[in-house]
Amino acid sequence: MDLDEARDLLRRQHRAVLATWRPNGTPQLSPVTVGVDEDGYAVISSRQTAYKVKNLRRDPRGYLCVFPDSFFGGRWLQIDGTAVISDLPDAMEPLVEYYRRISGEHPDWAGYRAAMVRDRRVLIRVEITRAGPDRQG
């Protein structure tokens, strides 16, 4: 699948499972909400203390399986990539943009920003290096 086609699908479908690697080499899977930023990176909001964040800081390889809202019957997407994690305060405006791209305008941006600080949120940006499937069947 063409990477731009994958990014276009990410603009419409936001439910996914993120796979990262535990220290013992086994996969760790996390349900996430994913979007795409203006630079074409897949973006995910998470807590600084989450296992997926710890795993990606140690080994930046990330894999996403993106599903349609219906789960069955629509297009799905697998993305391979390399992750970079942005911490607060640098992550604040990208977290705001992440929310806007997925959910639209928030009714209380001051409250949203306070929640990002309280929850110690980070933004995971995954550079998309491969996307599929390339075939059906």
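I shall speak about the aromatic contacts and then about the strands.

This is a predicted model, in which local features need pLDDT of at least 70, side-chain atom pairs count only at pLDDT 80 or more, and totals for chains, interfaces and linings use all residues. Residues are numbered from 1 along each chain as its sequence is written, and side-chain values use heavy atoms, with hydrogens and water left out.

A search of the whole structure finds 6 aromatic pairs, where rings of Phe, Tyr and Trp (its six-membered ring) pair if their centres lie within 6.5 Å; planes under 30 degrees apart count as stacked, over 60 as edge-to-face and the rest as tilted. One of these is the edge-to-face pair of W109 and Y112, at 5.3 Å centre to centre with 85 degrees between the planes. Both residues belong to helix 4 (residues 109-118), 3 residues apart, so about one helical turn separates W109 from Y112; helices (H or I, at least four residues) and strands (E, at least two) are DSSP runs, numbered from the N terminus.

The charged end of R100 sits over the ring of W109, 4.7 Å from its centre. For R125, the charged end lies over the ring of Y41, at 3.9 Å from the centre. The criterion is NZ of Lys or CZ of Arg within 6 Å of the ring centre and within 35 degrees of the ring normal.

Turning to the strands, strand 1 (residues 15-21) and strand 2 (residues 27-36) run antiparallel, joined by 7 bridges; pairing requires that DSSP finds at least two bridges between two strands. A19 has L29 in strand 2 as its bridge partner.
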